[in-house]
Amino acid sequence: MSLDSLTTSVDEAVSGFFEPIATWLGEVVFYAVPVAGTDLPLIVAWLVVAGLVFTAWFGLIQVRKFKLAIDVVRGKYDEKGSAGEVNHFQALTAAVSGTVGLGNIAGVAVAVSIGGPGATFWMILCGLLGMATKFVEVTLGVKYREVHADGTVSGGPMHYLPKGLAERFGKNGKTLGKVLAVLASAMVLFFGLFGGNLFQVNQSYAQLVSVTGGEDGAMGSSAGALFFGILVAALVGIVLLGGIRSIANVTSRLVPAMAGIYIVACLVVILVNVTAVPDAVGTIIEGAFNPEGVAGGVLGALIIGFKRAAFSNEAGLGSAPIAHSAVKTKHPASEGLVALLEPFIDTVVICTMTALTIVIANPASWADARAGEDIGGVTITSDAFETVLPWFPYILTVAVLLFALSTVLTWGYYGLKAWTYLFGRSRASELAYKVVYTVFAVAGSLLTLQTLIDLADAVLFTLAVINIIGLYLLAPVVKRELNSFLEFVRARNAGELSEDDDQESVKTTV
């Protein structure tokens, strides 16, 4: 049996077994209600309402404390002797690398095709609201993290849900928290293997094939797929062995580089068509409020924009706190402020740049997609760049590969923390996970397993339901932590504290 026929058989067998499960869970998690001619997924409303609530609860913190967040990233309020493994900038880039990916390239193109240019406006608004949610969940992640005897750190919803609920509600909260922690770990692990790993490798391989001659090209054969999968697996395995420090060292270089390449390319297209910018901005604003817009008018554009942003920046899903928890700090809210920059970078900057580039370039494929033709999002984005940069598909391929690799690395770390919560932190346990994860990277270039990827999406957004309930219940804890950090900032700025002061002891657990 050839490798192609073997992988086809595996795809069919897996799909046949899991398709009923994926269909059922997808219908539950992404249940949508008709609103003004379009469908509103309730999970999107759940995420957006959380952003609104936390924005109000913390007094528009994403605007008021934006500059302070930048100062924290720059290291202005670092404290000597803080527990943790990475600095604020490295924690931010590690978390951003898990959210900035193909959705920023392909997903945005689909959004402005279905929802029209106006979807961009609502996408930006949802990204701004998500900043507040991210602040809350990451503050809790650092507050209730575990600093192990060897100096490594574990954090995330599997830690702050049981600890925080036990602290606030006693025995009953502890019991509920433990159940939720196990569920959260299982969901993060499942998505990490299929959504954060296999899907990313699969899509990046598909883009590589498309620019190397298609299925008849150098990388189009099953041997080429296997080579690509092994190469990615080897890179991921090497980095994963070094833990979060190694991942942060890679992402702190990779994320700025890949974002820089992509944004510069966007700016080239925008500057070449600079005279079209005012009209493009006007089109976006008009489309956001034009009742004659695509997919149900104002609400259609709003829903599509919110959906794209919510799926892109992962605010409220509970994934980012895992990476941010490894930061060196004594004040949990300091990293919460750093984390609110994440949706800004991912959605407000990168997603918006993609949308603006497509609207300004106005490629023929975008018009065809808006007319109802089935055209891939990557194709639309690539065509937009190609109007100015004919060789850009090759640069886009590099960007896709970098985006995918960074996402695979970060989700590898997320999955590891979920695995060790479920199966223990022994060396054998961690090694077993790393072997499994690298094997999935190889499989990603050979298998589509679309049913399992759909199931993974549904599982991850199920986690959002659990996570946000916990965020509501623990919001008063976040308020106290924020006030504590702001008092520290005031004292430091007034010269009442030096970098060597504030020597709070850090609890260490095994």
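I looked up D150 first: it is exposed, with a relative accessible area of 52%. My cut-offs: buried means under 20% relative accessible area, exposed over 50%, partly exposed in between (1.4 Å probe, protein chains only). The model is predicted, with local features needing pLDDT of at least 70 and side-chain atom pairs 80 or more, while totals for chains, interfaces and linings use all residues. Residues count from 1 along each chain as its sequence is written, and side-chain values use heavy atoms, without hydrogens and water.

Next, the partner of D150. I find a salt bridge to R425 at 3.4 Å, N to O. The term needs a side-chain nitrogen of Lys or Arg within 4 Å of a carboxyl oxygen of Asp or Glu. D150 sits in the loop between β3 and β4 (153-154) and R425 in the loop between α18 (392-423) and α19 (427-446), so the pair ties together parts 275 residues apart in sequence. Helices (H or I, at least four residues) and strands (E, at least two) are DSSP runs, numbered from the N terminus. R425 is partly exposed at 32%.

I counted salt bridges: the structure holds seven. K134 and E342 form one of them, at 3.0 Å, N to O. K134 lies in helix α7 (residues 119-143) and E342 in helix α15 (residues 341-361), 208 residues apart. K134 counts as buried at 0% relative accessibility. E342 is buried, with 0% too.

I also checked E146 and K163, whose closest N and O atoms are 3.6 Å apart in a salt bridge. E146 belongs to strand β3 (residues 146-147) and K163 to helix α8, 17 residues apart. E146 is buried at 17%; K163 is partly exposed at 28%.
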